[in-house]
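Here are a few notes from my pass through this one. Have the structure open while you read.

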2 protein chains.
Amino acid sequence: MRTDPFARAVATLRGIGGQRVWSLMVSLFGDLARGEGERIPGPVLSSIMATMDVRPEAARVALHRLRIDGWITSVKEGRISLHSLTPMGRSESAAASLRIYATRDDLPREWQVAILPETAQMTPSALVARGFVMLFPRTFIGPADARAPDDALCLAGDAVPNWVRADIAPLNLSGEYQTLHDALSDIITDLPRADDLSALQVAALRCLIVHNWRRLVLRHPALPRALVDEDWPGHLCHGQVADLLAQYPRPALSEIAAG
Amino acid sequence: MRTDPFARAVATLRGIGGQRVWSLMVSLFGDLARGEGERIPGPVLSSIMATMDVRPEAARVALHRLRIDGWITSVKEGRISLHSLTPMGRSESAAASLRIYATRDDLPREWQVAILPETAQMTPSALVARGFVMLFPRTFIGPADARAPDDALCLAGDAVPNWVRADIAPLNLSGEYQTLHDALSDIITDLPRADDLSALQVAALRCLIVHNWRRLVLRHPALPRALVDEDWPGHLCHGQVADLLAQYPRPALSEIAAG
């Protein structure tokens, strides 16, 4: 009976959508083997994928694709393949991990408004790449340390009216965050404690949580804490994800291999 | 020969345009008799107007109009009429004098940006009445102590890029300020010193300076010092006007009456 809530959690988290297997595998390597020199033996990788209910053929295809894309590299040691992130895959994972594993308290505190001249050369998407969100044309909000264009009128943020939080929230993602929030709320209630799960199960569970979170959080800039509506589903998900990842700590690869 | 440069100054300052006589008389009372209980005897008023090259009939018509408008009130003392500002005229003059007689160093130092919500109820002109200028729709700049709408995102001003100064300068007035700047630059060179002019001449000169300045400066909000381009004709006029009014101090009414 112990595995029922776990199986239900896997089904719930896999059922949310956006679960391309290669992408799930990116989340897996990013969570379990992000460090230089960390390698996942083929049988361990297969076990984790199977625990997430991924068919072996699908896992093989995904691995093949990630090798072709230069994300993963594999070496043989005897009869065992050892898979690891390439330097490029490691660097991308490291960059993404700053967003994925940040707690709500890690969000930037100080913020600024940057107002652009009418003749601004910089595009809105270039500003978004620097961590800003557009409040409306020519007016952007971002962390105090985000680099504004040299010709911007920059103003340090202070009190925030509610309409600002509402206007800059990535509303296009609210529905998907709500879905994830509902799913996490659902599984949290009867999920076994970490001690009652195997290292393999914890690895699979973490991978599914990280994966569902990653595909949303990386689609918008990190808003300074003061600018996030506390009731926004994205903010609620953030709290749940950080709590779950703390409650189900990353197992060592050797633990998973040991069964 | 002594009066030639003075006559030329009068002609230059009267020639700028926008010289309706009743408006000139408003400037005159505002400069010479703004205080409660200050009254200008009819003959003194006539002399000053004549010194400004205003025909007696035009002065009489203007005085008549200002009495009808409730700006000036007159009482007879023997055969002499004594003219003074009404409480309304005094109150309007007092309000305007804060702008007219402020030196450049009196300009507000601290400034703010107020960003309005899309659904803002307050109109741009209501914000202008509170001392703000519009940078572009929804975004206003004003002195730190200007009262922003309650729902505005308010940010304390700091460094100012040049384009901001250019964008908020009242460009519609630049041409008229340039004309005044040229006129003042022209008369300053050979205008006799205050000691070499009669009290009557000083009164007339001040009135013409104040008048030409007043009709421009009251048409735009007082911009905080940091937001004014030092080369803007309005800023250059401001310096000239303040210097001239200091160099030609207001004569007492009794001095003028004494001839």
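The points below cover a strand pair and a loop residue in chain A, then a helix pair in chain B.

1. First, a reminder that this is a predicted model, and the points should be read that way.

2. Take a look at strand E7 of chain A, residues 153-156. In a regular strand, side chains alternate between the two faces of the sheet. Here A:Leu153 and A:Leu155 make up the covered face, while A:Cys154 and A:Ala156 sit on the uncovered one.

3. Who does E7(A) pair with? Its partner is strand E4 of chain A, residues 111-115, with four bridges joining the antiparallel strands. To find your place in the pairing, look for A:Ala114, which stands opposite A:Cys154.

4. The loop between E6 (139-143) and E7 of chain A holds A:Ala146. Is A:Ala146 buried or exposed? Its relative accessibility is 10%, and buried means under 20%, so A:Ala146 counts as buried. Leaving out residues up to four places away in sequence, A:Ala146 touches A:Gln112, A:Arg130 and A:Phe132. A:Arg130 is 16 residues away along the chain, yet the two C-alpha atoms are separated by 6.0 Å.

5. Over in chain B, helices H3 (residues 42-51) and H9 (residues 199-217) pack at about 65°, with axes 9 Å apart. That angle is why H3(B) and H9(B) count as roughly perpendicular. The crossing is right-handed.

6. As for what meets what in that helix pair, B:Ser47, B:Ile48 and B:Thr51 of H3(B) contact B:Leu200, B:Gln201, B:Ala203 and B:Ala204 of H9(B). Sorted by class, that contact has four nonpolar residues, three polar and no charged ones.

Definitions and conventions:
Residues are numbered from 1 along each chain as its sequence is written. Chains are lettered from A and ligands numbered from 1 in the order in which they are written. This is a predicted model: local features need pLDDT of at least 70, side-chain atom pairs count only at pLDDT 80 or more; totals for chains, interfaces and linings use all residues. Side-chain values use heavy atoms; hydrogens and water are left out. Buried means under 20% relative accessible area, exposed over 50%, partly exposed in between (1.4 Å probe, protein chains only). Helices (H or I, at least four residues) and strands (E, at least two) are DSSP runs, numbered from the N terminus. Two strands pair if DSSP finds at least two bridges between them. Axes are lines fitted to C-alpha atoms, for helices over the stretch in contact, and angles run from 0 to 180 degrees between N-to-C directions. Angles under 35 degrees count as roughly parallel, over 145 as roughly antiparallel, 65 to 115 as roughly perpendicular and the rest as oblique. A crossing is left-handed if the near helix is turned anticlockwise from the far one by less than a right angle, and right-handed if clockwise. Contact means heavy atoms within 4.5 Å. Ala, Val, Leu, Ile, Met, Phe, Trp, Tyr, Cys and Pro count as nonpolar, Asp, Glu, Lys and Arg as charged, and the others, Gly among them, as polar.
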